[in-house]
Amino acid sequence: MCGRYVSTRSPQDLVGLFQVAGWNPEQLVEPSWNVAPTDDVWAVLERADRTSGALERQLRALRWGLVPSWAKSPDTGAKMINARVETVHEKPAYRRAFAKRRCLLPADGFYEWQTVPATGTAKARKQPYFISPADGQVMAMAGLYEFWRDPAVADDDDPAAWWTTCTVITTEATDTAGRIHPRMPLAISPADYEAWLDPAHQDPDELRALLGTPAHGDLDARAVTTAVNNVRNNGPQLLDDAPEADTGGG
């Protein structure tokens, strides 16, 4: 799965990296070294401009944890942070979003945890690893987004009436990530951004063919401080190398 990730690039940087045409500067998402479910995250998507009707690439703040349009409560989103690529095109919660509402979720990298067995002097525990492109480039995680209408808000034009939420598409992990955790996020290559984001492109087989391993599998993984285990902790210090003793080293 992908349960935590790092996203620290500014919206100005993301606008340039993803050739975004529309972004509301009043929408802000702070840099985060510990993005967790239900947090607001940056997403790149394509929607028709309300005035001209022309398709426009936008940068938006979405809530991580997809809430299907038919859900009775937004609470379901906390459990729907990931969509499995094997079933995303057919699961009721995701299939309509997969057909028409796909996005890119920019990340510096993501975290996974590996169990460290108990020893005579220490209990078993979870050691976090930061997994990121070896070249340091942005990771465009493949995502879906959905709209949910809050029945508690009467006015359709009230921004609070609509929740826009997202999920990360995952697959079986290979290479570096696979040695740590069996699942990992999928990503989209820059050459395929246009095809992935285009809501008119709805062939499920063609869309699934666009999904690939982040950085084409050229990933670094290193043990980091266990401070990341607490979602309340944040800051660049979370990427500090773990002490050797914590990873079972000499």
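**Exercise 1. Sort the residues that line the largest pocket of this predicted model into nonpolar, polar and charged.**

Solution. Start with the classes. Ala, Val, Leu, Ile, Met, Phe, Trp, Tyr, Cys and Pro count as nonpolar; Asp, Glu, Lys and Arg count as charged; the others, Gly among them, count as polar. Now sort. The lining of the largest pocket divides into ten nonpolar, five polar and ten charged residues.

A pocket is found on a 1 Å grid over the protein atoms alone: it is an open set of points where a 1.4 Å probe fits, with protein on both sides within 12 Å along at least five of seven lines, and lining residues have an atom within 4 Å of a point. The largest pocket has 25 lining residues, and Gln-27, Arg-50, Arg-60, Phe-147 and Thr-164 lie nearest its centre. Strand E2 (22-23), E4, E5 and strand E11 (162-172) each supply at least two lining residues. E5 gives the largest share, with seven residues. Strands (E, at least two residues) and helices (H or I, at least four) are DSSP runs, numbered from the N terminus.

Finish with the volume. The largest pocket holds about 800 Å³ of space. Such a volume is the space filled by probe spheres set on the grid points, which are joined across faces, edges and corners.

Two ground rules apply throughout. Residues are numbered from 1 along each chain as its sequence is written, and side-chain values use heavy atoms, with hydrogens and water left out. The model is predicted: local features need pLDDT of at least 70, side-chain atom pairs count only at pLDDT 80 or more, and totals for chains, interfaces and linings use all residues.

**Exercise 2. Describe the second largest pocket by its volume, its central residues and its lining classes.**

Solution. Volume comes first. The second largest pocket has about 350 Å³. Its lining has 20 residues, and Val-138, Ile-188, Ser-189, Pro-190 and Ala-215 are the closest to its centre. By class, the lining of the second largest pocket divides into 13 nonpolar, five polar and two charged residues.

**Exercise 3. Are Glu-146 and Arg-101 buried or exposed, and where do they lie?**

Solution. The side chains of Glu-146 and Arg-101 form a salt bridge at 3.0 Å, N to O. Glu-146 lies in strand E10 (residues 139-149), and Arg-101 in the loop between helix H2 (95-100) and strand E7 (102-107), so parts 45 residues apart in sequence are tied together. Glu-146 has 5% relative accessibility and therefore counts as buried. Arg-101 is buried too, at 15%.

**Exercise 4. Where does His-216 lie, and is His-216 buried or exposed?**

Solution. His-216 has a positive phi of about 55 degrees although it is not a glycine. His-216 lies in the loop between helix H5 (204-209) and E13. At 70% relative accessibility, His-216 counts as exposed.

**Exercise 5. Give the strand order of the five-stranded open sheet.**

Solution. The order is E3-E1-E8-E9-E13, with antiparallel pairing. Two strands pair if DSSP finds at least two bridges between them. E3 and E13 each have a single partner strand, so one side of each is left without a neighbour in the sheet. Zoom in on one pair. Strand E8 (residues 109-116) and strand E9 (residues 125-133) pair in the antiparallel sense over seven bridges. Gln-114 has Gln-127 of E9 as its bridge partner.

How values were computed
A salt bridge is a side-chain nitrogen of Lys or Arg within 4 Å of a carboxyl oxygen of Asp or Glu. Buried means under 20% relative accessible area, exposed over 50%, partly exposed in between (1.4 Å probe, protein chains only).
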